[in-house]
Amino acid sequence: MAEPGSGLPSGLAVPTFLPWLTGLGAGMVFLSFLQKLLYPYFWSDLWYLLKMVRCGLWTTGKHGQKGELVTVLDKFLIQAMKRPQKPFIIYEGDIYTYEDVDRRSNKVAHVLLNHSPLKRGDTVALLMSNEPDFVHVWFGLAKLGCVVAFLNSNVRSVSLLHCIRSCEPRVLVVGAGFLETIEDVLPRLPEGISIWAMKDSVPQGIISLKEKLSTASDCHVPRSHHAISNTKTPYLYIFTSGTTGLPKAAMICHLAAMKSSTGLWAFGCTPDDIIYITLPLYHSAASLVGIGGCIELGATCVLRKKFSASQFWNDCRKYNVTVFQYIGELCHYLCKQPKREGEKDHRVRLAIGNGARSDVWREFLDRFGNIKMCEFYGATEGNINFMNHTGKIGSVGRATFFHKLFFTFHLIKYDFQKDEPIRDEQGWCSDVKKGEPGLLISQVNEKNPFFGYAGNKKQTEKKLLCDVFKKGDVYFNTGDLMVQDQEDFLYFWDRIGDTFRWKGENVATTEVGAIIGMLDFIQEANVYGVVVPGYEGKAGMASITLKPNMSLDLEKVYEQVVTFLPAYARPQFLRMQEKMEATGTFKLQKFQLVEEGFSPLKISDPLYFMDNLKKSYIPLTKEIYDQIILGKIKL
């Protein structure tokens, strides 16, 4: 019988499983609370793992009825059949559908197949700006099974010759705007290179590709020309930015290209997204992640010839952009633009890239609205990458247990004085503690290979560390210093060539540059170390540029560095430049600045010296310079 007032009809008993269910529910609530307290990122990490597994299956598996290996080009051809009329590239208002690009690239393939000495496996160098024909030529050559070398369109003279020689092309294809560039080096080019230009009227010795395209067939190119039997065969050569010397041609295999093409999908992009690409196509971010990612999704990209901070948001509104790519200082340049009304009036939801500083990241979100910043880490030639799948500001990703299932990496102790990893008495390297900067290295193996640089065995070997933790192991040296916090988030700290040691301490140039850049009259700050006779290590020096119509306040610069930086990190010298030299991917050039040092005899730019007695920076005269060199003025 039921108890009076129980609410149950007479004769019904309380089910015996109700207390069990109540206990189970309470237990689940407690476990959920415990998981959030102890493992707050468990579910996001697990979701990331599942995505990585799926990417692995996509990129390494065989597809199709015949079990053929699929490449990025094959994915493009599939999209061209599935959605021929969908816009693939929008450029200066013109629309190029997947079918348009397929047919135009067919024409390129047929012209070069019939009128050039090219055969499968040959290398072709491509020197063009951001334009649809870059993609047409790239895909046309890929349809012939050729390896395409993307030449940096900013390099000239000796650097350009070095790049061409290192990849040993049989053919060089040049955009209309680069004929003069090629003519300058024409007499010094290696013999046997056939030069084609995307222009009707060309000088003697150069063949007009554009003229022959007008009458070429656009019919299908047989797959037998480009079918592969091994995903680790060369697909592209992409040159490093050359911030510390001449560019190096990194070999990109088909497998690496396929992995890169899944990046947009992994961050949540869909076929309905419109991706804005302002980065140069000769760089892996724009070509492999951007163009390749659009192909993987079947999405549309808006391609711009060159990044413009003043026109960026106008383009986003005009073309209904939902995703854009960034690298280096792009977001910083956008934040430096004068404020306008309606800056949050756009449809952009994702920004995908790398190199956004924490302060810029916060300012960007505050100013331009709720845009998810998708930061990732990965060198063009590297065998490791990280993705910040949680949105943690400033982080490049998380070093989780799940991540280590795919990549074996370490942050090891580094000697900044000797500029090499620290080894113990037995010759082994050791890991740094959490919170300490360490050199990121990644194990080279069958699963994560390193293919090196074309025509540069010495530089290839230089990027490898051998016998690191045991005899016979091999690791790729990223050259990047990282910090891992207590929650296993990773943060970029500095490049090993940029970090220097002064007064027995390590100085991170990115940190110092960010502090100086906070001043309202500073446009850019590029920090590096210079050798001073009689001192160990390198003294800090900052090259700066001013915002338009602003003047340099030397006392404020002094006050800023003294307030926010420890004594060892404060730049001893300033150099004021009209314009900051940067690579095509917005990385500030330091190599030449370091070489020139702080001598007023070599440098025509205004130079300044930190004077602690006057509490200001003062002009660095020849007299002061001589006293520093003679040791009469102590730093």
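Modeller: The sulfur of Cys 294 lies 4.7 Å from the closest cysteine sulfur, that of Cys 301, which is too far for a bond. A disulfide is a pair of cysteine sulfur atoms within 2.5 Å. This is a predicted model, in which local features need pLDDT of at least 70 and side-chain atom pairs count only at pLDDT 80 or more, while totals for chains, interfaces and linings use all residues. Residues are numbered from 1 along each chain as its sequence is written, and side-chain values use heavy atoms, with hydrogens and water left out.

Biologist: Is Cys 294 buried or exposed?
Modeller: Cys 294 is buried, at 0% relative accessible area. Buried means under 20%, exposed over 50% and partly exposed in between, with a 1.4 Å probe and protein chains only.

Biologist: How many disulfides does the structure hold?
Modeller: The structure holds 0 disulfides. Cys 167 is in none, and its nearest cysteine sulfur, in Cys 163, is 7.7 Å away. Cys 167 counts as buried, at 5% relative accessibility.

Biologist: Turning to helices, at what angle do H3 and H11 cross?
Modeller: The axes of H3 (residues 72–82) and H11 (residues 284–297) cross at roughly 45° and come within 8 Å. Helices are DSSP runs of H or I with at least four residues, numbered from the N terminus. Axes are lines fitted to C-alpha atoms over the stretch in contact, and angles run from 0 to 180 degrees between N-to-C directions.

Biologist: Which residues make the contact?
Modeller: Val 72, Lys 75, Phe 76 and Gln 79 of H3 meet Ile 295, Glu 296 and Leu 297 of H11, where contact means heavy atoms within 4.5 Å.

Methods:
Helix = DSSP H or I, 4+ residues; strand = E, 2+ residues; numbered from the N terminus.
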